[in-house]
Amino acid sequence: MASDQIHKAIVFAGFGGQGIMFIGQLLAYAAMDHGYHVTWIPSYGPEMRGGTANCFVVVSSDPIGAPVAAYPDVALIFNRPSFDKFEPLVRDGGLLVVNSSLVEQQTAREALDVVRVPATKIASAVGSERLTNAVLLGAMLTVEPILPITAINAALQAHMPAHRRDALAANIDALERGSQHVRKQNPELLNSLSI
Amino acid sequence: MTKQLLKGNVAIAEAAVRAGLEAYFGYPITPQTELLEHLSARMPELGRVFLQAESEVAAINMLYGALSTGARAMTSSSSPGFSLMQEGLSYIAASDIPGVVVDVMRGGPGLGNILPSQGDYFQVTRSAGHGDYRPIVLAPASVQEAIDFTVLAFDLAEQYRHLVIIALDGLIGQMMEPAELPPMRDINTHRPDWALTGAEGRPKRMISSLYLQAEAQEAVNRRTQARLKIISENETRWIEYMTDDADYLLVGYGSAGRIAYSAVQSARRDGLKVGLLRPQTLWPFPSERLHELAGQVRGCLVVEMNAGQMLDDVRLAVNGRVAVDFFGRMGGIVPMPDEILGAIQQMQHERI
Amino acid sequence: MTADIKCDDMTITYQRPDAFTDAHTHYCPGCTHGVAHRLLAEALDELNLREKTILVAPVGCAVFIADYFELDGCIAAHGRAPAMATGIKRVQPDKVVVTYQGDGDLASIGAAEVMHAAVRGENITIVFINNAIYGMTGGQMAPTSIIGQKTTSSPQGRSVVQSGHPIQMSELLAGLAGSAYVVRRSLHDAANIRKAKKAILTALKVQQAGLGFSLVELLSTCPTNWGLSPMDSLAWVKTHMLPIYPVGDFKVADGVKEVMRDGVRSNS
């Protein structure tokens, strides 16, 4: 089970309908199954319908106090408004994972690690734009390996609702494609990793 | 049992089911609606009563009726709806019957917003309705505590024949965390000796909150106060974290309490000796322990998601022994550990 | 003089119903609450329901009704009796649940609760006392007060401009799909009182048969607050209330006629 000392606050941000809540929950399930403490909280309310949506996941080896963070360690940015909102907030030394299919902006902040993934394009190639979320999570976990991607695959197997199980293989494929993209494009970010 | 990833609202609903909930009456309102939705599927599945009422006013009075039969029953709402329930809460409390009501607090006053808040502290702790009483108020700070307190709420309500309110903010209601549900308990079909079941072969029973004679009413008031005293002596609950050597004491409950816990960790990393007292019961309030701790620390900082309500209770408990400062966020804004840390540092500069 | 009474010839022609306690009621002389209570008590006795009935009292003059009945009872918050009755009935569907409410309680502050109980087809019985005034608080205008009626809160007489029209609850509730049996009767003379008793019996049978929401509206008097003698009050019901609140059967749903004809077949 979890033995590494970690504490990461991760924000997933995009449009309603991009699977933001689901992918955050998937990470939370995997973290729980892996023995970590974890919290998931959604932005909830009227803005959920068609507007911006985000959720916070905190994964920690210790009991979690604040389930939110003013300055998250990691942000997965699915669209332009989310880039504008969260890019300035990621803490120095943190990680920005950007869906470059929909976000052209580049960060001017040098203190951030940045991974740009054409996630929507990759997702389409895998089979559906709806897999953008899995591509980005695969990319993120490759640079910030708080959990192995196999743990996410296992969480999909264990917790995916019955009516969505036909998308299981595609999700696993999308996670792997996101990971592959990062390994190819951002080898400099992988040097400290043990995967 | 293994842990499941559960949303606070759903966890409370399912914990209530497993605690033997026989009937639920409610009305949709964000951010508590998942609680009602979960029960709308679960209760009929088990052959139990679920009813979506026409209003919170009706829901609380339906609850009053169901409780009068001795059944385990509950309702839930969020701040504006909870305001509408004040009438029924007062009647239930006055009738000496056990009742459980959940308030998932949101921003106010008025329609306010649907974001997390602790703005109902006064309302839940001072009486929750008109008259002269206090409910037991449980304030969970995690999904696991929300589950545990739901089961506890029914037990306390029945033990003392008293009203129990589970007061949580929208953050705990909406958050998912790994938590363990209790085992399924059978419905208790035994009916207590005051329940309205039809006067078959026994004298009639009355459930009433009406005492027109002043002396009779005062006798009832005295009985209630005597019961509150016993509850206060036996059921005050709180959690302490790193208070042993603390120079400064944070006091916070619910979400604010768990975020204050993060601030304590940050402060300790910075070499500041900060501790936390997190009340789990808002009434009865851990006044005695706070008074003790006030003799040990250089300052108290109360952290709430409101303009300073529990602050009054802390000041009463501390009773001038030490300075009591306040840090709060309102409007649905959740305070961040860094902000709390800043407030501690400011207090340290001012109180040296 | 001592009468030569033959005890063995005596038969009981009139006595306190078992459903009554021996408490003295607090009602004013000439008030028809007493008659309405008596009809309900007799009906409960005749259907042998005393031991399985739970009575929900209103707020208003009848707030003490549960003291007068030898039944389990409770007092609801003002207007909320149908909600409280709903809670009781849903948990104990095999019991008989009766609310007894005045016009302020049912037609004003509790209008929402009674409407939705009817809409849901809640299987409860309501005895609705309409005397066109608030009695307990001292004679204020009720939602059922008639146009021109002088009360302590309409001293110039109820005006449409100021206060709108009297509300006809039976007609209203009969229009809702969930109601099974909704009738209006009057307590102003013996013939009407007999019909009122029959209606209460039917309403209870409707509940026993599980047919849904039943309500009997009873036109009643308030001599004290009307400022009339008991006899003049009865006449006032006839001359002033009946034209606005005609007696009649406003809703007799499928199945109710069989209950009226055959009595109760199944006891839920």
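1. Let's start where two chains meet in a sheet. Strand 9 of chain B lies alongside strand 2 (residues 72-75) of chain C, and the two pair in the parallel sense over two bridges. If you want one pair to look up, take I207(B): its bridge partner in strand 2 of chain C is C74(C). Keep in mind that this is a predicted model.

2. Now zoom out to the sheet around that pair. It is an open sheet of eight strands with mixed pairing, in the order 9(B)-2(C)-1(C)-3(C)-4(C)-6(C)-5(C)-7(C). The edges are strand 9 (206-207) of chain B and strand 7 (248-252) of chain C, each of which pairs on one side only. As a bit of background, strands of a sheet pair through backbone hydrogen bonds, either parallel or antiparallel.

3. Further into the order, have a look at strand 3 (residues 96-102) and strand 4 (residues 125-130) of chain C. They run parallel and are joined by five bridges. One to find on screen: Q101(C) has F128(C) in strand 4 of chain C as its bridge partner.

4. What does the contact of chain B with chain C take from each side? It takes 33 residues from chain B and 28 residues from chain C. On the chain B side, strand 2 (23-26), strand 3 (49-52), helix 3 (56-68), helix 5 (86-94) and strand 9 each supply at least two residues. Helix 3 of chain B gives the most, with eight residues. By type, the chain B side divides into 16 nonpolar, eleven polar and six charged residues.

5. Over in chain A, check out strand 3 (residues 52-60). Eight of its nine residues are buried, so this strand is largely enclosed by the rest of the structure. Strand 3 of chain A pairs in the antiparallel sense with strand 1 (residues 7-15) of chain A over nine bridges, and also in the antiparallel sense with strand 2 (residues 37-42) of chain A over six bridges. V58(A) is a handy landmark here: it is the bridge partner of A9(A) and also of T39(A).

6. Last stop: two helices in chain A. Helix 4 (residues 132-143) and helix 6 (residues 168-185) of chain A pack at an angle of about 45°, with their axes 7 Å apart. That angle makes helix 4 of chain A oblique to helix 6 of chain A, and the crossing is right-handed. Among the residues that meet are L136(A), L137(A) and G138(A) from helix 4, and A174(A), L175(A) and G178(A) from helix 6. The residues of this contact divide into nine nonpolar, six polar and three charged.

Technical notes:
Residues are numbered from 1 along each chain as its sequence is written. Chains are lettered from A and ligands numbered from 1 in the order in which they are written. This is a predicted model: local features need pLDDT of at least 70, side-chain atom pairs count only at pLDDT 80 or more; totals for chains, interfaces and linings use all residues. Axes are lines fitted to C-alpha atoms, for helices over the stretch in contact, and angles run from 0 to 180 degrees between N-to-C directions. Helices (H or I, at least four residues) and strands (E, at least two) are DSSP runs, numbered from the N terminus. Angles under 35 degrees count as roughly parallel, over 145 as roughly antiparallel, 65 to 115 as roughly perpendicular and the rest as oblique. A crossing is left-handed if the near helix is turned anticlockwise from the far one by less than a right angle, and right-handed if clockwise. Two residues are in contact if their C-beta atoms, placed from the backbone, lie within 7 Å. Ala, Val, Leu, Ile, Met, Phe, Trp, Tyr, Cys and Pro count as nonpolar, Asp, Glu, Lys and Arg as charged, and the others, Gly among them, as polar. Two strands pair if DSSP finds at least two bridges between them. A residue is buried if 20 or more other C-beta atoms lie within 10 Å of its own, exposed if 12 or fewer, and partly exposed in between; C-beta atoms are placed from the backbone.
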